[in-house]
Every structure is written in structure tokens, then in C-alpha cells.
Amino acid sequence: MGTFLRFFGFFTDDNRIDEATGLTEKQKKLVQNTWAVIRKDEVGSGIAVMTAFFNKYPQYQQYFNAFKDVPLPELPNNKRFQAHCASIITALNTVIDSLHDPGLMEASLIGLAERHKNRGQKKQEFQDLKEVIQEVLRQALGRQFTSEVAEAWSKTLDAAFTKIYQVLTV
């Protein structure tokens, strides 16, 4: 009877590790539930990530012709900057939404990495971005960012960025 109910999703083994992502089912749920907070304001969340990124690594703003000469305090009101910020959250939405379909996640990340590789981006830029995303998540989630949530996010970002790094280093 348990197998029958598990087949229809009534029971899941929350501690079973997905070999493709390295995440347990419980960790996937933690990531998806906490991501819902960020997803409520995609543009604002993207602005938080990118302004933190440019504050910490100002040299990276020069990679963006559309807003490379815009002073940092003015960026949040720049529509081209906002559009790029929204696209970052959209890419993260795809990762989070496809945690249960690692093949789809991989295909999306390969496309993203290829586009950035064609523009000359390297692994280091993405490594720095990953670090900033983790910090922004920590700040945005506040007390919800428990050690359990931090571990789930760390594994999620590791899985996603590892795929990006594979493309960038080929």
C-alpha cells in the first residue's frame, strides 16, 4: 500500500538524495519555499543582486555596454539595468522550477553559459556572482535563512554553477 501511495505522491522520502542535483527532496522544498519570497519582486530582487555585485566588484559593470557608464546610485532606475536584473531572476526561476527535472535545468544552464562564454565571461565572474547571490539570499530571508536553508541553497547553487563552469572552461 505504501508503494502505491508513494507512486501518487502521497508519501515521499524527503531524505532521498537526487543524484543529479545532490539535493534531498526536503532540501528542494526548502529552496523552492524560500525562493517564493524572492520571486515576489523579481525586478527588485534582481536589482538587489546586481547592485551588491557591482558594489563588491565594480569592474564588472564595464562588461555591460547598456549601463556601464551609469553611476551606481542611478542604476536601480535605469530600465535596461532593470531588464537585465529581471533576466537574472528569470534564470534562477528556471533553476528552481526545474529542480525535479535536472535534464531541463542542465539544458537551460548550458544555453546561459554558452551565451556568456560567447561574450567573454569566465568562471571567476560567475564564482563572484554566486557568492553575492548567497549573501543577498541571506539578507533577504533574514531569520528564515537557517543553517538547513543555507545548506540547501549552497547545494543548489553548486549544482547550477558547476554546470555553468563546465561550459565556460571548455
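Modeller: Start with a definition: on a 1 Å grid over the protein atoms alone, a pocket is an open set of points with protein on both sides within 12 Å along at least five of seven lines, and its lining residues have an atom within 4 Å of a point. This is a predicted model; local features need pLDDT of at least 70, side-chain atom pairs count only at pLDDT 80 or more, and totals for chains, interfaces and linings use all residues. Residues are numbered from 1 along each chain as its sequence is written, and side-chain values use heavy atoms, without hydrogens or water.

Colleague: Which residues lie nearest the centre of the largest pocket?

Modeller: His84, Ile88, Leu112, His116 and Phe126 do, out of 29 lining residues. The space in this pocket is about 720 Å³, a volume being what probe spheres set on the points fill, with points joined across faces, edges and corners.

Colleague: Which helix supplies the largest share of that lining?

Modeller: α4 does, with eight residues. Helices here are DSSP runs (H or I, at least four residues), numbered from the N terminus. At least two lining residues each come from α3 (42-56), α4 (79-97), α5 (102-118), α6 (123-141) and α7 (147-168). By class, 19 are nonpolar, six polar and four charged. Nonpolar means Ala, Val, Leu, Ile, Met, Phe, Trp, Tyr, Cys or Pro; charged means Asp, Glu, Lys or Arg; the others, Gly among them, are polar.

Colleague: At what angle do α4 and α7 cross?

Modeller: Two packed helices are described by the angle between their axes and the distance between the axes. Axes are lines fitted to C-alpha atoms over the stretch in contact, with angles from 0 to 180 degrees between N-to-C directions. The α4 and α7 axes cross at roughly 105° and come within 11 Å. The two helices are therefore roughly perpendicular (65 to 115 degrees). In contact (heavy atoms within 4.5 Å) are Leu92, Val95 and Ile96 of α4 with Trp153, Thr156, Leu157 and Ala160 of α7.

Notes
1 Å grid on protein atoms, 1.4 Å probe; cavity = no way out; pocket = protein on both sides within 12 Å on 5 of 7 lines; lining within 4 Å. Parallel < 35°, antiparallel > 145°, perpendicular 65-115°, else oblique.
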